[in-house]
Amino acid sequence: MSLALDKPRQPRRPAARRSNGELYSWLFMRLSGLLLVVLVLGHLFIMNILDGGVHKINFGFVAGRWASPFWQFWDLAMLWLAQIHGGNGVRTVINDYARKDSTRFWLKMLLYVSMVLIVSLGTFVIFTFDPNISN
């Protein structure tokens, strides 16, 4: 008579097929984090020290800044990197803590839809901003 025992610490879910998706996600988080540090600290330094502080920020300031393709690209890079970096982190938390497959699916769908909406709206605003708006 032999006893059949489960393997210790056997996962509840079957292991997924091995792919490099999580490796690329991990690598993206490190690289985007470094680039975001440079972009955000540069943004804070320029806005708060070189340009005279936040009390100068108004519609005219933003209009003048976004007249330059350099600043449009800078702000667009911050938007895209921050949104994708943050979304990837939230996706990891959802994968770690959502127990049911259906819950995990719907939470990730909500996350992806919100990411696409925010990135789309932000990109639209940056590229269609009209400094000559009339009252």
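Helix α4 comprises 28 residues and extends 40 Å from its first C-alpha to its last, close to the 40 Å expected at 1.5 Å a residue, the expected span being 1.5 Å times one less than the number of residues. The model is predicted, so that local features need pLDDT of at least 70 and side-chain atom pairs count only at pLDDT 80 or more, whereas totals for chains, interfaces and linings use all residues. Residues are numbered from 1 along each chain as its sequence is written, and side-chain values use heavy atoms, with hydrogens and water left out.

The protein chain contains four helices and zero strands, following the pattern α-α-α-α along the sequence; helices (H or I, at least four residues) and strands (E, at least two) are DSSP runs numbered from the N terminus. Of its 135 residues, 27% count as buried, where buried denotes under 20% relative accessible area, exposed over 50%, and partly exposed in between (1.4 Å probe, protein chains only). Among contacts (heavy atoms within 4.5 Å) between residues at least 6 apart in sequence, 69% join residues at least 24 apart.

The axes of α3 (residues 69-97) and α4 (residues 101-128) come within 10 Å and cross at roughly 175 degrees. Axes are lines fitted to C-alpha atoms, for helices over the stretch in contact, and angles run from 0 to 180 degrees between N-to-C directions. The two helices α3 and α4 are therefore roughly antiparallel, a term applied to angles over 145 degrees. Residues forming this contact include Asp75, Trp80 and Arg91 of α3 and Arg104, Tyr112 and Phe127 of α4. By class, the contact of α3 with α4 has 14 nonpolar, six polar and four charged residues; Ala, Val, Leu, Ile, Met, Phe, Trp, Tyr, Cys and Pro count as nonpolar, Asp, Glu, Lys and Arg as charged, and the others, Gly among them, as polar. Within α4, Arg104, Lys108, Leu111, Met115, Val119, Gly122, Thr123 and Ile126 are buried, and the buried residues of α4 pack against α3.

An unreviewed UniProt entry annotates residues 27-50, 70-88 and 109-129 as "transmembrane region"; such annotations may be inferred rather than shown by experiment. Residues 70-88 are 100% helix and 0% strand, with end C-alpha atoms 27 Å apart. Residues 109-129 are 95% helix and 0% strand, with end C-alpha atoms 30 Å apart.

Isoleucine 57 lies in the loop between α1 (21-50) and α2 (59-65) and is partly exposed, with a relative accessible area of 36%. Leaving aside neighbours within four places in sequence, isoleucine 57 contacts Met47 and Val62.

Terms used
Parallel < 35°, antiparallel > 145°, perpendicular 65-115°, else oblique.
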